[in-house]
Amino acid sequence: MQQLQVLLKAVLLRRTKSSKIDGRPILQLPPRITEKVHAVFSEDERQLYDALETRTQIQFNKYLEAGSVGRNYSNVLVLLLRLRQACCHPHLITDFSVNVNANTGDIDLIANAKAFSSEVVARLKDNENLECPICIDAVENPIIFFPCGHSTCTECFARISDPALAVRQGNDGSVEVRCPNCRAKLDPKKVTDNVSFRKVHFPEETGGIAEEANENNDDDDDNDKSDDDSDDDDDDGEGPSKPPKTNKVKGKGKGPSKPKKTLAELKKEAQKNTKAKRKYLNRLEKTWVTSAKIEKTMEILQDIEDRKTGEKTIIFSQFTSLLDLLEVPIMRKGWGYRRYDGSMKPADRNQAVLEFTDKPNCKIMLVSLKAGNSGLNLVAASQVIIFDPFWNPYIEEQAIDRTHRIGQLREVHIHRILVEKTVEDRILDLQEKKRELIEGALDEKARKNVSRLDTRELAYLFVCILLFIRRCLTGY
């Protein structure tokens, strides 16, 4: 650590918010106050979590005993992902267990999947990597790049392909997207996802290629019209509601009914048009249940609202599906809010930021941690809720600094919602170890101390120098 501190002192110029020049702070910012808020599981949530944790421990022990943890690294990350999701909401591991990429709706994923070379297909079959190289997190359905076959999670892909990135880099043209693994140039329109890739190249795993899934989406839902579309056209503004469709099957007998679409599939289709979005929200509303963390979040928001101080709040979460679930109680309260996540178009994201900043009645912003942890100025907010902890504490710090930055006039309050006696306790321990390591290397006081070497260190360095000179002069 001392060697690292000496090296960094020689090559690193660091300025922090607490740094001073001539005894005065560089920045005059209001204080930042962080508190841990503990949510308590309901009995059902605790039983679900305990059962899931037991199963994951058994599975990990099998990998450990077989010495195959390294070969199953992605699977281990998914096991941990499930535990983290169970801490937030039970629906994340049931209704949203298949992660369908929402921001690739205008891309022909099947056709792109067919374009890969046989070498890439063979490599992905033998070494399926479901870990994002940017955020170092598990991802169930990654975006796969052409032609190299490397991948990232949906939200990291949205960030690296965001046209606004070109503006921040000083480029007038479109952003140059490069693979984070091999640095090859990428076309954001020539990508596929893991589900489509495996449908094309490994149909035995998925029961065949379902190319027709991209066609006639409106006809796929005839069997669940009564459940989801009963009030779709009430306020559509497109004339009187039409009678429900009936299943017409050619030939004798009745054809098999199509399976009801999952929330994940409806969520993907919700990006296509307003009607599909209403359908998704209707299903979400009907099947919605609360969770311990959502209840605690609503308590914090209600307390902020009751103070009548006009404060605005940002809620960060790693899971966009959880942000969808949070929308339901917020809408029921009638509070104005906006969304910011990687599935949104760049223009929609920019518009959401402007409306959150300028409109007094828009007091809540739901932000994806990966898509909104940098490059945003949200000083209109002074309250921050971190819904779920992340492996890297500095990702959270970057997210918090969307508000605690130049231009902020209020005290910034950070509420970190946690559930005790879960995997989140261990995530916090891991965060502290990472902080100690980084702060130990970058600590300004420590670097000042190492600038003056003690006798032992001088002797060590002096002997090394003498030995070096002796070898140069004598050759040995």
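A contact here means that heavy atoms lie within 4.5 Å, and the model shown in these views is a predicted one.

View 1. Leaving aside residues up to four places away in sequence, Thr-422 touches Phe-41, Arg-46, Tyr-49 and Cys-87. The relative accessible area of Thr-422 is 1%, and because buried means under 20% relative accessible area, Thr-422 counts as buried.

**View 2. The nonpolar surface patch that includes Leu-7.** Met-1, Leu-4, Leu-7, Val-11, Leu-12, Leu-437 and Ile-438 together make a nonpolar surface patch of about 630 Å². Both α1 (2-11) and α17 supply at least two residues each to this nonpolar patch, and the largest share, three residues, comes from α1. Leu-7, one of the patch residues, has its place in helix α1.

View 3. Of the 476 residues in the protein, 45% are buried, and Thr-422 is among the buried residues. Where contacts join residues at least 6 apart in sequence, 76% of them link residues at least 24 apart. The protein exposes about 26500 Å², of which carbon and sulfur atoms supply 53%.

Definitions and conventions: Residues numbered from 1 in each chain as written. Predicted model: local features only at pLDDT ≥ 70, side-chain atom pairs only at ≥ 80, totals over all residues. Heavy atoms only, no water. Buried < 20%, exposed > 50% of the residue type's maximum accessible area, 1.4 Å probe, protein only. Areas by Shrake-Rupley, 256 points an atom, 1.4 Å probe, with all protein chains shown as cover. Patch = residues over 30% accessible without salt bridge, like charges linked within 9 Å, V, L, I, M, F, W, Y side chains within 5 Å. Salt bridge = Lys/Arg side-chain N within 4 Å of Asp/Glu carboxyl O. Helix = DSSP H or I, 4+ residues; strand = E, 2+ residues; numbered from the N terminus.
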